[in-house]
Amino acid sequence: MRADDPDAYESTAATQPAPAEVAGEKIAYRNPAWFAYTGDADAQNMTTDFWLAYVHPDDRRGAWDAWQNARSAKTIFTHVVRLRRADGSYRAHRLRIAPFAATDDAWVGSAEDLHDDDAAPLQHVLLPELTDHSTRMRDAAADASIVEEDLRPIARLEETFPAEPLSAAKIRAALAHFLASAPISEDDLFHLMLAVGEAANNAIEHAYVGPGNVVLRAQVFAHATIVEIVDFGRWRPLRAMDDRARPRGRGLAMMGAAVPDMRIHRSPAGTHVRFALERPT
Amino acid sequence: MTDPRLLTLSGELDVATRQSLRGAFAALAEVDEAIIDLRDVRYVDSASLAEFAWLADRFRKREARVVWIILPGSHVERVLQISGLVQTMAIVATPEAARAHFAA
């Protein structure tokens, strides 16, 4: 099969469950709506392009080209395609796949039924376990300096919490208190609190085998609010992929759905999750 | 005919309450009819949602029935919408509607 041939994906998906590319250990998650809609029975294997097999053949070339452009540029991919349902029929969906982090092949995607507002969005998360950190840390530093140069925060909060279960509620309460006076809509606040709560959970539950700390940093700028959760541990490997044991995938999907501008930088020194909400001027 | 078992949850369901939530749900694992009142729950995280999904699935597989009382527009309802779980749960807004669900 040619790697640049989108038509190859149907036969590949049908006959060969093994993924075409596997970048080491990875977090791969699809929500229950995805499995219910597609009838996809293979919960284990997932490639970056797994969804192409469910796109109508006439839409596949256009979607493939747009996806390749977005993927190489690390930009958000949006495309309307017909997606195959378990019964073989096709329904128009808006696909949206956003990068997790500027330097990694890590993505969070969703598909919305264009003709049924009540249909649950189909979601997926693909986050490779990372090995090369120097580039990422440099990029993270560059990101930070751009923010510092262009903007000065109006208000700033930085607080350290022990990585223990009771801290999750304390982190949420501290952030809610800090943002209470910020010019941020109720809807944005709900989504931000949800996303930060999940990021805090990950840091508390997965970063440390023994004691450790979690830092909450929040900054309100004239045109944006940025919230970061930082830990200094290393996320422990996932256990078996049964539904109960994969809250982390579900949490990542929720984080990406709640606040699409999310970046995750991971290194042996720790994990840095950054959420940004922009306000129209 | 006995009444459905009622479980009322309140406060913030997160990593600190997960084990007790799991225990409360395990106690319902063999019940035929259950009502779970979430009207006083102010926050729910994704891991607690995974427990909701587990319980809903467990009841479905046994052909038992569980109804969830959730206020429209509440935090819980919005989180269930985002996660897509709302599609797989029987949700009502009031205790009266929950009882009517079983009387039907």
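Hi everyone, let's begin inside chain B. Helix H1 of chain B, residues 18–26, and helix H2 of chain B, residues 46–62, have axes that come within 10 Å and cross at roughly 10 degrees. Please keep in mind that this is a predicted model. Angles under 35 degrees count as roughly parallel, so H1(B) and H2(B) are roughly parallel to each other.

Which residues in H1(B) and H2(B) meet? From H1(B) we have Arg18(B), Leu21(B), Arg22(B), Phe25(B) and Ala26(B). On the H2(B) side they meet Ala47(B), Ser48(B), Glu51(B), Phe52(B), Trp54(B) and Leu55(B). In this contact of H1(B) with H2(B), seven residues are nonpolar, one is polar and three are charged.

Now let's turn to the interface. Chain B puts 25 residues into the contact and chain A puts in 28 residues. About 2,200 Å² is buried between the two chains, with 55% of that area given by carbon and sulfur atoms.

For those of you who like charges, there are five salt bridges between chain B and chain A. One of them pairs Arg172(A) with Asp14(B), and their closest N and O atoms are 2.9 Å apart.

Which elements of chain B supply the side that touches chain A? H1, strand E2 (33–44), H2 and helix H3 (75–83) of chain B each supply at least two residues. H2(B) gives the largest share of that side, seven residues. By type, the side of chain B that touches chain A has 12 nonpolar, six polar and seven charged residues.

Terms used
Residues are numbered from 1 along each chain as its sequence is written. Chains are lettered from A and ligands numbered from 1 in the order in which they are written. This is a predicted model: local features need pLDDT of at least 70, side-chain atom pairs count only at pLDDT 80 or more; totals for chains, interfaces and linings use all residues. Side-chain values use heavy atoms; hydrogens and water are left out. Axes are lines fitted to C-alpha atoms, for helices over the stretch in contact, and angles run from 0 to 180 degrees between N-to-C directions. Helices (H or I, at least four residues) and strands (E, at least two) are DSSP runs, numbered from the N terminus. Angles under 35 degrees count as roughly parallel, over 145 as roughly antiparallel, 65 to 115 as roughly perpendicular and the rest as oblique. Contact means heavy atoms within 4.5 Å. Ala, Val, Leu, Ile, Met, Phe, Trp, Tyr, Cys and Pro count as nonpolar, Asp, Glu, Lys and Arg as charged, and the others, Gly among them, as polar. Buried area is the accessible area (1.4 Å probe) that two parts lose on being put together, summed over both. A salt bridge is a side-chain nitrogen of Lys or Arg within 4 Å of a carboxyl oxygen of Asp or Glu.
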